[in-house]
Amino acid sequence: MKMLLTVEIPHEPFNSLVRSGKAGETIGRILETIKPEAAYFTEQDGTRGAIFVIDVQHASDIPSFSEPFFLNFQANCKFRILMNPDDLQKAGLEELGKKWA
């Protein structure tokens with residue numbers, strides 16, 4: 001199942017990792033581990049942030065995506081299910097509309 005993983009990274013300990021030269025290596029290890037389909041780095045609410053498109057096979061896989069960010073950066077992680085246009089078409093919106101009208 002495609003999911004959007006949004007990560008909010010607080011200033012510390014990330015600033016310390018940048019100063020020690022370890023931030024890039026740590027991010028690289030995480031990316032090698034989670035293997036996102038897409039990865040973007042941005043600002044979120046005044047802190048560093050990242051957005052990843054990931055493929056989650058089982059709910060029990062979620063810690064393998066979030067723990068690297070929790071343990072290395074004390075980050076917050078949010079997961080959202082994604083649908084492409086084909087998925088949306090399979091959702092049966094017309095039938096649901098009739099049922100719940």
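Select Arg-19: with 66% relative accessibility, this residue counts as exposed. Exposed means over 50% relative accessible area, buried under 20%, and partly exposed in between (1.4 Å probe, protein chains only). The model is predicted, so local features need pLDDT of at least 70 and side-chain atom pairs pLDDT 80 or more, while totals for chains, interfaces and linings use all residues. Numbering runs from 1 along each chain as its sequence is written, and side-chain values use heavy atoms, without hydrogens and water.

The term covers a side-chain nitrogen of Lys or Arg within 4 Å of a carboxyl oxygen of Asp or Glu. Glu-12 is partly exposed, at 38%. The whole structure holds 3 salt bridges.

Next, pick Glu-37 and Lys-2. Their side chains form a salt bridge of 2.4 Å, N to O. Glu-37 sits in the loop between α2 (23-34) and β2 (38-44) and Lys-2 in strand β1, so the pair ties together parts 35 residues apart in sequence. Helices (H or I, at least four residues) and strands (E, at least two) are DSSP runs, numbered from the N terminus. Lys-2 is partly exposed, at 33%.

Move to Lys-78 and Glu-8. This salt bridge spans 3.5 Å, N to O. Lys-78 is partly exposed at 48%; Glu-8 is buried at 18%.

Finish on Thr-6, in strand β1 (residues 2-9). Thr-6 is buried, at 16% relative accessibility. Beyond four places in sequence, its contacts (heavy atoms within 4.5 Å) include Gln-44, Ala-50 and Lys-78.
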